[in-house]
Structures are given as C-alpha cells and as structure tokens.
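Please read it alongside the sequence and the model.

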Amino acid sequence: MKPALEHLPREKDHSFVVKFFDYNYYPTPWHYHPEYEIVMVTESTGKRFIGDHISDFHPGNLAFLGPNIPHTYRNDDKYYEENSVLRAKSIVIHFTETSLGNDFLELPEARLLRKLFEQSLHGLDIFEETHERISDKLYDIVTLSGLKRWLCLIDILLELAESKNLVQITKTTHVGYNEKESKRLCNVFDWITTNFEKNVKLSEAAQIAQMNENAFSRFFSLRTRKTFSGFVQELRLQKAAKLLVENDMSVTEVCYECGYNNISNFNRQFLNHYQMNPMTYRKTFLKKI
C-alpha cells in the first residue's frame, strides 16, 4: 500500500525543511510522514486532530510531533467560504535524525535529545516560557540559511529537551495509514466537523466513507481510538465549553446550539467529561480571569 505522505522537498544545501505557509485554509489531509515536525500556527483557528487527540487550535498553538503520527489541522468553516479573506498561516520544520549528522545522537552529550525524541512519539504541546522562547526562534529560523539555520534547529531542540513546559498529546503511540484510508478518514472528519451540531448518524458517516456500517465502525475505532459517537460527543462538548465562557447564552441555549436535544443528557455528558456541570464550569472560568 502506498503511504499517505506529506512530502516537503528540501532546499539545495539544506539537510531539513523550514517553511512559512500562507493559505486560504490548511489544505493538508489526514496524513503522516517519517520526519519529526515542529509546527506553530501563526494565524487562523480550527480543529486539530493528532493521533487519538482532538483539540481547538488558534494563533500561537505550538507542537512537536514525532515520526509517523497521523495528523491534520482543519480550519473553521468560515475559512472555506467563497469570498473569505481569512488566512491560515504557520511555520513548519521537518527534519530527520540524520539531519543532525550521522551518529550525532550516539554522543553522550545528546542524551537529553534522545529522551526528547522518545517523548515526541506521543506528540508534545509546548507552553509557557518555553513557548515564548521557541516562538521567537521559529520566526528567526525562517530568515536563516546554511549553518546558522542548522545551529538554530539544534538550539530549538535543546530548549525543548531541557523544558518542563511540555505536555504529551496522545495517549498511545500511533503509526500512519495508507493513502486510501487517509483520504477516507479525512472526508469523514470534514463531514463531522461541518455537521456535528446536527443529528449526525453513523450510517451517514459510513456512506461518506463508502463502507457498510459495521466495517466503518471498526475502521473508525481502530484509526481514532474512539467510537464514532464518542468522537462526535467530544466535538460537541468542546464547543459547549467554548460557548459557556465566550458568550452569555443560557445553558439550555448552549445545549441545543451544540446538537443536543435533551438538557438532562447534555448536563450528564458535560459532567462526565469535565468533572463539573456547565454552570460550575462557567463560574470557575470567570473566577480565574
């Protein structure tokens, strides 16, 4: 089977790739690649899918992904509108262990880097002071070339290796999928993220994937480590949490806005997911700010 790879060709005289992307919306589907990836969103919002993890992304979102972790960044619907003037921008670095030099990681001084690379197999979110320092270095590295660019990469990796501000993204390690499966799953992701506020059904998702329901259910659970209903529910609850802290909508209004048609069920699911009911969640957030 042909792997679903994102191929970023290296520039002449460089051992790794540095790119500043500027799109109407991020075009890359659910994919994987053998390179390590450092990626920072500089402009745009949407949903981020990394292995078995779903989260919102926004400007400043910064992650370090190990080899072969399936992932995609899908912008909010407004980015796909015909007359949209919104932009989706990011800085991305792709590199391999050989980019650092043959046997570089065998050096005793590289012990921290070896540990960092092991941790990266789960994906790592980058926060706080480390986020600030790495962000500055990423803006620098896109302007550099030659040995200065390589030294900047080493500096970034050392900063990450010594940091206490890294959080594991996925619960388990993941490997990539073939091209046909990648396209199929990406089509389903696009459909779900566009329609999850409605009464989405597994049977409809199976039709999008061109599979029967039982086969699709097994396929989806195997590839995402989540049931179809659990996946949809997670998207709904994430939107609900966002509405609760960004709007003065009532809990009932939030419930229906997110695709629930039963306030009791919504309250129960929200409590199970966030360990507090919607009103307490809102009060807790407002108290913190």
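A search of the whole structure finds two cavities of 30 Å³ or more. On a 1 Å grid over the protein atoms alone, a cavity is a set of points where a 1.4 Å probe fits but cannot get out; a pocket is an open set with protein on both sides within 12 Å along at least five of seven lines; lining residues have an atom within 4 Å of a point. Grid points are joined across faces, edges and corners, and a volume is the space filled by probe spheres set on the points.

The model is predicted: local features need pLDDT of at least 70, side-chain atom pairs count only at pLDDT 80 or more, and totals for chains, interfaces and linings use all residues. Residues are numbered from 1 along each chain as its sequence is written, and side-chain values use heavy atoms, with hydrogens and water left out.

The second largest cavity has a volume of about 40 Å³. Its lining consists of Trp30, Phe49, Ile50, Gly51, Asp52, His53, Ile54, Phe189, Thr224, Lys226 and Phe231. At least two lining residues come from each of strand S3 (46-50) and strand S4 (53-57). Helices (H or I, at least four residues) and strands (E, at least two) are DSSP runs, numbered from the N terminus. Sorted by class, this lining holds six nonpolar, three polar and two charged residues. Here Ala, Val, Leu, Ile, Met, Phe, Trp, Tyr, Cys and Pro count as nonpolar, Asp, Glu, Lys and Arg as charged, and the others, Gly among them, as polar.

The largest pocket has a volume of about 510 Å³. Of the 19 residues that line the largest pocket, Asp76, Phe196, Glu197, Lys239 and Lys242 lie nearest its centre. Two or more lining residues come from each of S3, S4, S6 and helix H7 (228-246). The largest contribution is that of H7, with five residues. By class, the lining of the largest pocket has three nonpolar, six polar and 10 charged residues.

## Strand S5 and its partners

Strand S5 (residues 62-65) is covered on both faces, with Leu62 and Phe64 buried on one side and Ala63 and Leu65 buried on the other. Buried means under 20% relative accessible area, exposed over 50%, and partly exposed in between (1.4 Å probe, protein chains only). S5 pairs with strand S2 (residues 36-43) in the antiparallel sense over four bridges, and Glu37 has Leu65 as its bridge partner in S5. Strand S8 (residues 124-126) also pairs with S5 in the antiparallel sense, over two bridges; there Phe64 stands opposite Leu124. Two strands pair if DSSP finds at least two bridges between them.

## Single residues

| Residue | Relative accessible area | Class |
|---|---|---|
| Thr72 | 5% | buried |
| Thr194 | 32% | partly exposed |
| Ser44 | 3% | buried |
| Gln210 | 71% | exposed |
| Phe20 | 43% | partly exposed |

Thr72 belongs to strand S6 (residues 71-75). Leaving aside neighbours within four places in sequence, Thr72 is in contact (heavy atoms within 4.5 Å) with Thr28, Pro29, Trp30, Lys47, Arg48, Phe49 and Phe189. A polar atom of the Thr72 side chain lies 2.9 Å from the backbone oxygen of Thr28.

Thr194 is part of helix H4 (residues 179-195). Not counting residues up to four places away in sequence, Thr194 touches Arg74 and Asp77. The C-alpha atoms of Thr194 and Asp77 are separated by 6.9 Å, although the two are 117 residues apart along the chain. With Arg74, the Thr194 side chain makes a side-chain polar contact at 3.2 Å. A polar contact is a pair of N or O atoms within 3.5 Å; within protein, one must be able to donate a hydrogen and the other to accept it, and residues adjacent in sequence count only if both atoms are side-chain atoms. The side chain of Thr194 also reaches the backbone oxygen of Asp190 at 2.8 Å.

Ser44, in the loop between S2 and S3, has a positive phi of about 115° although it is not a glycine. Gln210, another residue other than glycine, has a positive phi near 60°; Gln210 sits in the loop between helix H5 (202-209) and helix H6 (213-224).

Phe20 lies in strand S1 (residues 17-23). Beyond residues up to four places away in sequence, Phe20 touches Thr42, Lys89, Ser90 and Ile91.
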